[in-house]
Amino acid sequence: MSHLCKECGETEPSNFYSKKWICKKCWNHYTYQKGIQKFIDYLVTKRNGIECERCGFDKGFWGLAFHHRDPNQKEFSIDKNRGKNKEDLYKELDKCDVLCHNCHAERHFEMRQG
């Protein structure tokens with residue numbers, strides 16, 4: 001059986017895991033969107049509901065980000081957490097504020113200014 005990704009048409013065998021019908025790139029995107037993102041959404045809700053802690057933006061999860069208050073204590077990015085257990089995620093989340101993307105950018109600007 002030849003390799004053919006049903007999502008993007010990829011055919012190079014080295015770009016596939018064991019499934020011959022979906023390439024690594026599409027599989028990773030699929031598992032992130034379906035599994036990891038749901039867990040991140042849960043973390044946001046557990047933390048403070050669905051809103052920016054700074055301005056109150058509440059239009060949806062898609063507009064929110066995790067901001068580490070102290071970059072020196074950051075062990076990993078919450079949204080790049082593949083393979084992390086829940087306890088590690090909760091500990092990392094305790095180091096973060098949930099901010100909308102605008103407030104997140106403003107906060108980084110403020111941190112650079114001193």
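## Close-up views of a predicted model

**View 1. Strands E1 and E2 pair side by side.** Leucine 64 faces cysteine 100 of E2 across the strand pair. The model is predicted. E1 and E2 run in the antiparallel sense and are joined over five bridges. E1 is mostly covered, with five of its five residues buried. Leu64, Phe66 and His68 point one way from this strand. Ala65 and His67 point the other way. Residues on either side of E1 are buried. In a regular strand, side chains alternate between the two faces of the sheet.

**View 2. The largest pocket.** This pocket holds about 360 Å³ of space. Its lining comprises 20 residues. Nearest the centre of the pocket are Leu64, Ala65, Phe66, Asp79 and His104. Helix H1 (24–48), strand E1 (64–68) and helix H3 (101–113) each give two or more residues to the lining. Sorted by class, the lining has ten nonpolar, seven polar and three charged residues. Two of the central residues, Leu64 and Phe66, point one way from E1, whereas Ala65 points the other way.

**View 3. Aspartate 97 meets arginine 69.** The structure holds five salt bridges, and one of them joins the side chains of aspartate 97 and arginine 69. Their N to O distance is 2.7 Å. Aspartate 97 lies in strand E2 (residues 96–100), and arginine 69 lies in the loop between E1 and helix H2 (86–93), so this pair ties together parts that are 28 residues apart in sequence. Arginine 69 is partly exposed, at a relative accessible area of 38%. Side chains of opposite charge can pair when their charged atoms come close.

**View 4. Lysine 95 meets glutamate 75.** Here the side chains form a salt bridge at 3.0 Å, N to O. Lysine 95 sits in the loop between H2 and E2, and glutamate 75 in the loop between E1 and H2. The pair therefore ties together parts that are 20 residues apart in sequence. Lysine 95 is buried, with a relative accessible area of 18%. Glutamate 75 is exposed, with a relative accessible area of 64%.

View 5. Arg54, Arg107 and Glu110 are linked in a network of salt bridges. Glutamate 110 is partly exposed, with a relative accessible area of 33%. Arginine 107 is also partly exposed, at 30% relative accessibility.

**View 6. Cysteine 26 in helix H1.** Cysteine 26 lies in helix H1. Its relative accessible area is 16%, and it therefore counts as buried, the cut-off being under 20%. Cysteine 26 and glutamate 10 are 16 residues apart in sequence. In space, their C-alpha atoms are 9.5 Å apart.

**View 7. Confidence across the model.** The mean pLDDT of the protein is 85. Of its residues, 89% reach 70 or more. Confidence is lowest in H1, at a mean of 75. It is highest in H3, at 95. Where pLDDT is low, the predicted coordinates should not be read in detail.

Technical notes. Residues numbered from 1 in each chain as written. Predicted model: local features only at pLDDT ≥ 70, side-chain atom pairs only at ≥ 80, totals over all residues. Heavy atoms only, no water. 1 Å grid on protein atoms, 1.4 Å probe; cavity = no way out; pocket = protein on both sides within 12 Å on 5 of 7 lines; lining within 4 Å. Points joined across faces, edges and corners; volume = space filled by probe spheres on them. Helix = DSSP H or I, 4+ residues; strand = E, 2+ residues; numbered from the N terminus. Nonpolar A, V, L, I, M, F, W, Y, C, P; charged D, E, K, R; others polar. pLDDT = per-residue confidence, 0-100. Salt bridge = Lys/Arg side-chain N within 4 Å of Asp/Glu carboxyl O. Buried < 20%, exposed > 50% of the residue type's maximum accessible area, 1.4 Å probe, protein only. Pairing = 2+ DSSP bridges.
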